[in-house]
Amino acid sequence: MSGFKEGFLWGGAVAAHQLEGGWQEGGKGASVADVMTAGAHGVPREITDGVLPGKNYPNHQAIDFYHRYKDDITLFAEMGFKCFRTSIAWTRIFPLGDERQPNEAGLKFYDDLFDECLKHGIEPVITLSHFEMPYHLVKEYGGWRNRQVIDFFVRFAKVVFARYQHKVKYWMTFNEINNQANFHEDFAPFTNSGIKYRPGEDREPVMFQAAHYELVASALAVKAAREINPTLRIGCMIAMCPIYPLTCAPDDMMMAMNAMHRRYWFTDVHVRGKYPQHLLNYFARRGFALDITAEDRAALAQGCVDYIGFSYYMSFATKATADNPQLDYDESKSLVTNPYVKQSDWGWQIDPVGLRYSLNWFWDHYQLPLFIVENGFGAIDVRESDGSVNDQYRIDYLSAHIREMKKAVVEDGVELMGYTPWGCIDLVSAGTGEMKKRYGFIYVDKDNEGQGTLARSRKKSFFWYQKVISSNGETL
Ligand code: P53
């Protein structure tokens, strides 16, 4: 093969809460994203106890895609998108999360959105849960600490599979389910699982328990999808930051291997339907008594995913230290700077070769089709007086990554379904809540304080990506 296959899914990716806005329209309920304030690089987003007056909640309006999606999809079509990855806001369909009947106005919104995509020949690719679970489930049930949430999620999944089965073929269950491996910080436990830790709580077993319930819910959703319509394809979604050893010292290598175990075991369960032995041994060593039933194990075995969706932004590095004889990985402490790569303004290590490595790593481990559903460069854009944005740095980042992706396909023989760069239109950053951390090919006139006309304009990268798609990845 000399290049990307026919029908390769070029497109772009977003998530409902980061662009829709309309947070109370059409009967929508509040989600975890609606109680997070704006932060900045080094300033964490505040998670408030409900929506409080006087705070800045950037996701409430976001970029108003809820009202402007037709124009935005027209711009995606102009770039030549073959697919568009977004998520369904769970709170549009089940505003509280524990209702028996779905909200018709929310269902209708996504019918219209998907019809609009299909009209332009753009295939929707849909994530079920992308950092936006109903806040009511957090307050009343403790989020994914609670086994009952499995039933609520599976009900939601069945409703949307049945409703959209003829419009959406490719689905993913939980976005970046493995972010919560970083359980010492507050962001990932809350966005992944609606978990707020209590002071002094032993966080790690709580994370494993929540992740287990999500994995069971994911497996039950996969099974349900097959029963509803066997042509549906359901993937997992993993945040891939490969972890390199800082040196070739054997202990550094083992530290990196353990770190990979601790960040990527989620994929083993999604793909193989069972826990890897290293993790069961770790639970035993740490004395974690988790609620994992025989019924759960059967569900996991029957709900293995069809493909692996993953995000790739950066690689990590780690090293062994004398105070850690078991070489246990703690993401909040174990990472070191890689001296061989540069970083973005937000400290993300830029490593295109790491994408080729990641593709090979997934392929060697799992032999399932892969889908790069996020990749991109968050940067500060400057708009010239004529309105143009000369984002050559973004073009450089993306073209370097596509080159490595091509090597993985052409030279290494990895099976790759598609590529959807993140934030194809500027949107609210998940990690910081900022607008100024931009990823888009399309500029949106809005700043960190929420000021701006929300007008859309094409950046230099817009025209570049248009050529990438029309040449099927040959013109970079
Ligand atoms: P932002 C951390 C590490 C890698 C990906 O991130 C991450 C995160 C969380 O911040 O999230 C994914 O907006 C996520 C998107 C997110 C995107 O990467 O923090 O799936 O929702 O916007 C970029 O720059």
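Modeller: Here is a close look at that site. This is a predicted model: local features need pLDDT of at least 70, side-chain atom pairs count only at pLDDT 80 or more, and totals for chains, interfaces and linings use all residues. Residues are numbered from 1 along each chain as its sequence is written, and side-chain values use heavy atoms, leaving out hydrogens and water.

Glu374 sits in strand β12, residues 370-374. Strands are DSSP runs of E, at least two residues, numbered from the N terminus. Glu374 is buried, with a relative accessible area of 4%. Buried means under 20% relative accessible area (1.4 Å probe, protein chains only).

Now its surroundings. Leaving aside neighbours within four places in sequence, Glu374 is in contact with residues including Arg85, His130, Asn175, Glu176 and Trp422. Contact means heavy atoms within 4.5 Å. The side chains of Glu374 and Arg85 make a polar contact at 2.9 Å. That term covers a pair of N or O atoms within 3.5 Å; within protein, one must be able to donate a hydrogen and the other to accept it, and residues adjacent in sequence count only if both atoms are side-chain atoms.

Next, the ligand. It is surrounded by 16 residues, and Glu374 is among the closest, with Gln18, Ala430, Lys437 and Tyr439. Near means a heavy atom within 4 Å. A backbone N or O atom of Ala430 lies 2.7 Å from a ligand oxygen atom.

Terms used: Helix = DSSP H or I, 4+ residues; strand = E, 2+ residues; numbered from the N terminus. Buried < 20%, exposed > 50% of the residue type's maximum accessible area, 1.4 Å probe, protein only.
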